[in-house]
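This report walks through selected features of one structural model. Please keep the sequence and the structure open while reading.

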Amino acid sequence: MKPFGINFNQRQFVIPLVIVGTIVLAVAKDVLHAFYINSSFYLSESILFELFWPLFVPFVILYQKLLNEKSKAQFFLFPLVWSVIHLMIFSLTVNVASGIFMYHRFSFWGTFIATLSDGGLACFLIYGACSVVFGRSQGSKLPKKTESTIIKVTHQGKVICLDIKEIILVKSDRPYIALVTKGGPYLLNRSIKDFTQMYASDNFVQVHKSTVINTDYVQSYQSRKNGDYDVLMTNGKTIRASRNFNSWFKTT
């Protein structure tokens, strides 16, 4: 079963239908409410203020994308921040649209405060639920670390079984990564992040956002006096270790 998510390419017709359906249901609710309390009903105002609900559709799609790379602290803070953004954009929309299409302009802050009181909790609960659902679905997509010492790669039409101990370094070669061995480089359809999650051990150290080295093949290294290091590998290649990934060199 695929994790819950929104694929815009596959559901391009669902999104506008959800928006239109939400507006229709919200306006119908206003009509029934006006009939029940025997008050006047203004279609333009009803549509304008009920935009608060269909606005969730594009916001939730963007929210899902922004949650992908967030830390745990941001994970819990995001529903509150996104709720405020939602309320502010809705209030601005009401303010601008009423000034253009209506005789009476609704103030930004008046609309914001009223909507915060009526829909602030709903905003927080909806985005909070999105954090939980999307957070779990992203977690389920992460590749699992494997205990295997063999990596299968396709090279010149043949499947090669590489012993992970033979890998000198791994470098990004988009859209692949290059597994560099004594026998040459082999391309693998993975990312650096995937490799470190699936195959990394104490011997593999990330020295750059696009490079991982096997410390068993480090011949020597030298500081550049600015936090970076030049690392000479046993195959004669010199690798630059970034100051953001130099902890191994400081503790050895």
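Two elements give two or more residues to the patch: helix H4 (72-101) and helix H5 (108-141). The model is a predicted one.

Helix H5 holds Phe124. Its relative accessibility is 36%, so Phe124 counts as partly exposed.

## The three-stranded sheet

Next comes a sheet of 3 strands. The sheet is open, its order is E8-E9-E10, and its pairing is antiparallel. Strand E8 (218-223) and strand E10 (238-241) are at the edges. Each has a single partner strand, so one side of each has no neighbour in the sheet. From one strand to the next, the twist averages 25°.

E8 pairs with strand E9 (residues 229-233) over 5 bridges, in the antiparallel sense. Ser220 has Leu232 in E9 as its bridge partner.

## Salt bridges around Asp228

There are 4 salt bridges in the structure. One of them joins Arg240 to Asp228, with the closest N and O atoms 3.7 Å apart. Arg240 belongs to strand E10, and Asp228 sits in the loop between E8 and E9. The pair therefore ties together parts that are 12 residues apart in sequence.

How accessible are these two residues? Arg240 has 40% relative accessibility, so it counts as partly exposed. Asp228 has 8%, so it counts as buried.

Asp228 also meets Arg243 in a salt bridge, at 3.4 Å from N to O. Arg243 is in the loop between E10 and helix H7 (247-250), while Asp228 is in the loop between E8 and E9. This pair therefore links parts that are 15 residues apart in sequence. Arg243 counts as partly exposed because its relative accessibility is 45%.

Arg240 has another salt bridge, with the side chain of Asp230, at 3.5 Å from N to O. Asp230 lies in strand E9 and Arg240 in strand E10, so the pair ties together parts that are 10 residues apart in sequence. At 25% relative accessibility, Asp230 counts as partly exposed.

Which residues do the shared partners bring into one network? As a general point, side chains of opposite charge can pair when their charged atoms come close.

## The five-stranded sheet

A further open sheet has 5 strands in the order E5-E4-E3-E7-E6, with antiparallel pairing. Its edge strands are strand E5 (184-188) and E6, and each pairs on one side only. The twist averages 30° from one strand to the next.

Two pairings can be followed in detail. Strand E3 (residues 169-173) pairs with strand E4 (residues 176-181) over 5 bridges in the antiparallel sense. Here Ser172 stands opposite Ile177 in E4. Strand E6 (residues 204-208) and strand E7 (residues 211-214) also run antiparallel, joined by 4 bridges. Phe204 faces Asn214 of E7 across this pairing. A hairpin of 2 residues connects E6 to E7. In a regular strand, side chains alternate between the two faces of the sheet.

## Tyr217 between E7 and E8

Tyr217 is in the loop between E7 and E8. Is Tyr217 buried or exposed? Its relative accessibility is 15%, so Tyr217 counts as buried.

Leaving out residues up to four places away in sequence, Tyr217 touches Lys165, Glu166, Ile167, Ile168, Lys182, Leu232, Met233 and Thr234. Among these contacts, Leu232 is also the bridge partner of Ser220. Tyr217 and Thr234 are 17 residues apart in sequence. Their C-alpha atoms are 5.4 Å apart in space.

Notes. Residues are numbered from 1 along each chain as its sequence is written. This is a predicted model: local features need pLDDT of at least 70, side-chain atom pairs count only at pLDDT 80 or more; totals for chains, interfaces and linings use all residues. Side-chain values use heavy atoms; hydrogens and water are left out. Buried means under 20% relative accessible area, exposed over 50%, partly exposed in between (1.4 Å probe, protein chains only). Two strands pair if DSSP finds at least two bridges between them. Axes are lines fitted to C-alpha atoms, for helices over the stretch in contact, and angles run from 0 to 180 degrees between N-to-C directions. Contact means heavy atoms within 4.5 Å.
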